[in-house]
Amino acid sequence: MIRDELAAAIETAANDAMAGGELPHVVLPEIVIERPAKHEHGDYATNLPMRLARSARANPLDLAKTIASRIPMSGAFAAAEVAPPGFINFRLSPAWLAQQVAAILAEGEHFGDINIGAGQRVQIEFVSANPTGPLTAGNGRGGTIGSVLASVLQAAGYDVEREYLVNDAGTQTDVFGRTLLARYLQLFGQDIAIPDDGYPGDYMIDVGKQLREEFGDRFADAAPDAPPPEFVLRGIDIMVESIRADLKRLGVTYDAWFHERSLYEGDGLYETAMAVLRDGGHLVDKEGALWFASQELGEDKDNVVVRSTGRPTYLASDIAYHYDKFIVRKFDRVIDVWGADHQGHVSRLKAAVDAIGVDPARLDILIYQLVSFRRGDEVVRLSKRSGNIVLMRDIVEEVGADAARFFFLSRSADSQMEFDLELAKRQSSENPVYYVQYAHARIAAILEKARERISSFDDGDVALLAHPAELELVRKMLQLPELVQQMARAMEPHHLPHYAGELATAFHAFYTECRVIDDDNEALSKARLKLCAAAKAVLARALTLMGMATPERM
């Protein structure tokens, strides 16, 4: 990327200046390249001279002049300008910018790919809602963040696996089983109330009816407080099928579905993980329970892993699950995308990963905040038959998968967000989803119309592109690889919707200011059609990374 080339050139210039006696010999800090907030300050800037000033015992403006004088201005860069109090600003060459149109077209759907991941194996686990009810709108936000982050990491050169953890063991599964059996028995006329801590949603009646169709009265004599395992697991499977279908509606798919109960079966992963903790001196028996001695690893308190009843806690399952991820399946890095209600679990899981012999830095946990909904100025609640919750499927049904994904992604994960349902459905430029997709469709229409008048523009000379609006559009397109790098390193996929909107704006500005097809200037027309084709490709890549459609017509 041009940003990396610039950083290397600055480093070489500074080292050459030290070798030549123009600068004192000092250790260079990391060279940070930024895009100036104001375009008049150039395309890139570095504050290296200000960061060197103290160690070099020199005026930062003088340092900037010395370093800038040694940076060759050729190829991509046209000028290196020194600005107070010690910046070096760089301007890209208009001729080089124009040539990048051909480079973008050559890369096509792979434009934006980089290789900072170098094939490292990364697992992203996201959503993983208990299969005891339908997915909520919050799960939709987590699903969108997780799936887009996975796409971004793949574009950055990582080998990514997407996984859903099916929580089909533990207390919630027991409650689900007793609730489901009560609904099933009610269908046979039995006066059985659902448990006080059960799931009251009408969806449980539907699952009970499906089980009656499949099993008939086979379990009609079952004790209400002891649902048969086969009955419960089939109910869980039905819920997982529903969850899978809802996620597919949102455009979210997985490479693997991991069942929690498998931790306690077969190879005995749970026992193995607990043995590793015990051998390391991290388990303590006290108060009739088994505790993870996490205080020794920096936690403010120890945590129970096996209750006095002998049942493992949620933490115990998570330890075994992450033992499987890191030790058994050997992922280089694991990313868990969790809702805000799991915030308190982060540090103890990091401590547990440390205790099983894995560097906690290899585990990243991304927490996303709540979603609220409104229609214009009106705050709304959406619920059909599932209790006092907003269902993900209702959101997708009302606004469509593309709008849902765009809006869910449009704020940083650590920010609460308001989702305006009316805006998401609006067919106008006020709706950012419509605005971006319309830009793609508009370019498709331009290219289709051009074919009626120009048989081919493959021989178009991009060197003819010199209008400020043309070059600004190229600048915006060239930001995508840098953005992929930034998002992959910071785990911040929310930048994509904003970038797509800015790219659409740059295209609309170009289209307004520059006549694409000019019968009096076929050469310029062909060059501008190439620019349109490149813009279409980059817009399509941004939309595809977000898991959205790239419409040819709207």
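Which helices each supply at least two residues of the lining of the second largest pocket? They are α1 (2–19), α16 (468–490) and α17 (495–513). The structure is a predicted model, in which local features need pLDDT of at least 70 and side-chain atom pairs count only at pLDDT 80 or more, while totals for chains, interfaces and linings use all residues. Residues are numbered from 1 along each chain as its sequence is written, and side-chain values use heavy atoms, with hydrogens and water left out.

## Terms for open and enclosed space

On a 1 Å grid over the protein atoms alone, a cavity is a set of points where a 1.4 Å probe fits but cannot get out. A pocket is an open set with protein on both sides within 12 Å along at least five of seven lines, and lining residues have an atom within 4 Å of a point. Grid points are joined across faces, edges and corners, and a volume is the space filled by probe spheres set on the points. Helices (H or I, at least four residues) and strands (E, at least two) are DSSP runs, numbered from the N terminus.

| Space | Volume |
|---|---|
| Largest pocket | about 1300 Å³ |
| Second largest pocket | about 590 Å³ |
| Largest cavity | about 50 Å³ |
| Second largest cavity | about 30 Å³ |

## The largest pocket

The largest pocket has a volume of about 1300 Å³. It is lined by 46 residues, of which S128, A129, N130, D341 and H342 are the closest to its centre. Two or more lining residues come from each of α5 (137–155), α6 (171–186), α10 (314–328), β11 (333–339) and β13 (371–375). Helix α10 gives the largest share, four residues. By class, the lining of the largest pocket holds 22 nonpolar, 18 polar and six charged residues; here Ala, Val, Leu, Ile, Met, Phe, Trp, Tyr, Cys and Pro count as nonpolar, Asp, Glu, Lys and Arg as charged, and the others, Gly among them, as polar.

N167 is found in the loop between β6 (159–166) and α6. With contact meaning heavy atoms within 4.5 Å, and leaving aside neighbours within four places in sequence, N167 is in contact with S128, A129, N130, P131, T173 and E260. N167 counts as buried because its relative accessibility is 9%; buried means under 20% relative accessible area, exposed over 50%, and partly exposed in between (1.4 Å probe, protein chains only). The C-alpha atoms of N167 and D461, 294 residues apart along the chain, are separated by 58 Å.

## The second largest pocket

The second largest pocket holds about 590 Å³ of space. Among its 19 lining residues, R3, I33, E482, Q485 and Q486 are the closest to its centre. Helix α16 gives the most to this lining, with seven residues. The lining of the second largest pocket divides into six nonpolar, five polar and eight charged residues.

E482 lies in helix α16. Since its relative accessibility is 7%, E482 counts as buried. Its side chain makes a polar contact with the side chain of Y44 (2.5 Å). A polar contact is a pair of N or O atoms within 3.5 Å; within protein, one must be able to donate a hydrogen and the other to accept it, and residues adjacent in sequence count only if both atoms are side-chain atoms. Leaving aside neighbours within four places in sequence, E482 is in contact with M1, I2, R3, R35 and Y44.

## The cavities

There are two cavities of 30 Å³ or more. The largest cavity is lined by L165, N167, E260, L263, Y314, S317, D318 and Y321, and α10 provides the largest share of that lining, four residues. Its lining has four nonpolar, two polar and two charged residues. The second largest cavity is lined by M18, L23, P24, V26, L28, L52 and A56; by class these are seven nonpolar, no polar and no charged residues.

## The nonpolar cores

A nonpolar core is a set of buried Ala, Val, Leu, Ile, Met, Phe, Trp, Tyr and Cys residues joined through side-chain atoms within 4.5 Å. The largest has 151 residues, and those with the most contacts inside it are I67, I124, F373, I395, F419, M477 and L496. Helix α18 (residues 522–545) contributes the largest share of this core, twelve residues. Another core, of 34 residues, lies apart from it and includes L269, L277, L290 and V358.
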